[in-house]
Amino acid sequence: MILAREAIELLGQMARILWFEGTKHGLRDREWMALRFLSRANRFSRTPSALASYVGTTRGTASFIIGELERLGYLERKRSATDKRSVTLSVTQQGKKFLVRDPISVLLEPIAVLDDEAKIRFRDTLRHVLDQADAAEQRHHTDVCKRCIFLREDRTATDGKPGAAEFSCRLFRAPIAEPEIDLLCTSFEHHRQ
């Protein structure tokens, strides 16, 4: 139990880098979190509601964050062509350039120098802890589509040879391009063991 507590204490210290007081490079911590998330979110999760869920805030606070990021030119909203009530959020080119200054870079660089096996173990350990905490609290966290129970993969065979994979989301009943399976989704649900 002592080792587990030490690990949690270290995570808490690392969290201070993510959740800082005041502003860094002109953004508050939740604005950074929103910009980071929206730059990696799939099209189903680039909405004000999904952002509020991810950041862990109310829709009103999420709207304020969106407004601030729009005012700075880092984010834009687009009305849905099919449903005029829906809005999609996108990080602008200026926002993508600004992300280079992200304060979490001090955490990314030490992890990036680890060999691939160590990075995978580190990532999978964090996922395991989060999965267990979610199960205990009966909640779901955000993760990539390729790990989601709703992802469906079909391979069409031609001339007896396996064809290219085609992906779809069973929850949203929509096709998913292969590069999208590595993006974040707030509707993620992992396979139960």
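**Basis of the entries**

I am working from a predicted model, in which local features need pLDDT of at least 70 and side-chain atom pairs count only at pLDDT 80 or more, while totals for chains, interfaces and linings use all residues. Residues are numbered from 1 along each chain as its sequence is written, and side-chain values use heavy atoms, with hydrogens and water left out.

**Whole chain**

I noted seven helices and nine strands in the secondary structure of the protein chain; helices (H or I, at least four residues) and strands (E, at least two) are DSSP runs, numbered from the N terminus. The C-alpha atoms fill a box of roughly 60 × 50 × 35 Å along the principal axes, and 34% of the 193 residues count as buried. Taking contacts between residues at least 6 apart in sequence, I found that 50% join residues at least 24 apart, contact meaning heavy atoms within 4.5 Å.

**The three-stranded sheet**

I then turned to an open sheet of three strands, which has the order E6-E7-E8 with antiparallel pairing. Its edge strands are E6 (151-155) and E8, each of which pairs on one side only. Neighbouring strands of this sheet are turned by 35 degrees against each other on average, direction ignored. Between E6 and E7, which run antiparallel, I noted five bridges, and the bridge partner of Arg155 in E7 is Ala165.

**Helix packing**

How do the axes of H2 and H4 cross, and within what distance do they come? The axes of H2 and helix H4 (residues 59-71) come within 10 Å and cross at roughly 80 degrees; axes are lines fitted to C-alpha atoms, for helices over the stretch in contact, and angles run from 0 to 180 degrees between N-to-C directions. The two helices H2 and H4 are therefore roughly perpendicular to each other, given that angles under 35 degrees count as roughly parallel, over 145 as roughly antiparallel, 65 to 115 as roughly perpendicular and the rest as oblique. On the H2 side the contact is made by Arg30, Glu31, Ala34 and Leu35, and on the H4 side by Ile65, Glu68 and Leu69. By class, I recorded four nonpolar, no polar and three charged residues in the contact of H2 with H4; Ala, Val, Leu, Ile, Met, Phe, Trp, Tyr, Cys and Pro count as nonpolar, Asp, Glu, Lys and Arg as charged, and the others, Gly among them, as polar.

**Salt bridges**

My search of the whole structure gave 14 salt bridges, a salt bridge being a side-chain nitrogen of Lys or Arg within 4 Å of a carboxyl oxygen of Asp or Glu. Glu31 meets Arg28 in one of them, at 2.8 Å from N to O; Glu31 is buried at 3% relative accessible area, whereas Arg28 is partly exposed at 40%.

I also looked up Glu180 and Arg43, whose side chains meet in a salt bridge at 2.5 Å, N to O. This pair links distant parts of the chain, 137 residues apart, with Glu180 in the loop between strand E8 (174-176) and strand E9 (184-185) and Arg43 in the loop between helix H2 (29-40) and helix H3 (48-55). Glu180 is buried at 16% relative accessible area, and Arg43 is partly exposed at 30%.

For Asp154 and Arg152, the closest N and O atoms of the salt bridge are 3.4 Å apart. Asp154 is partly exposed at 30%, and Arg152 is partly exposed at 42%. I noted, too, a network of salt bridges that links Arg127, Asp131, Asp143 and Arg147.

**Backbone entries**

Most residues other than glycine have a negative phi. His25, although not a glycine, has a positive phi of about 55 degrees; His25 is found in the loop between strand E1 (23-24) and strand E2 (27-28) and is partly exposed at 45% relative accessible area. Arg173 likewise has a positive phi, of about 50 degrees, and is not a glycine; Arg173 lies in the loop between strand E7 (165-169) and E8 and counts as exposed at 79% relative accessibility.

Definitions and conventions: Buried < 20%, exposed > 50% of the residue type's maximum accessible area, 1.4 Å probe, protein only. Pairing = 2+ DSSP bridges.
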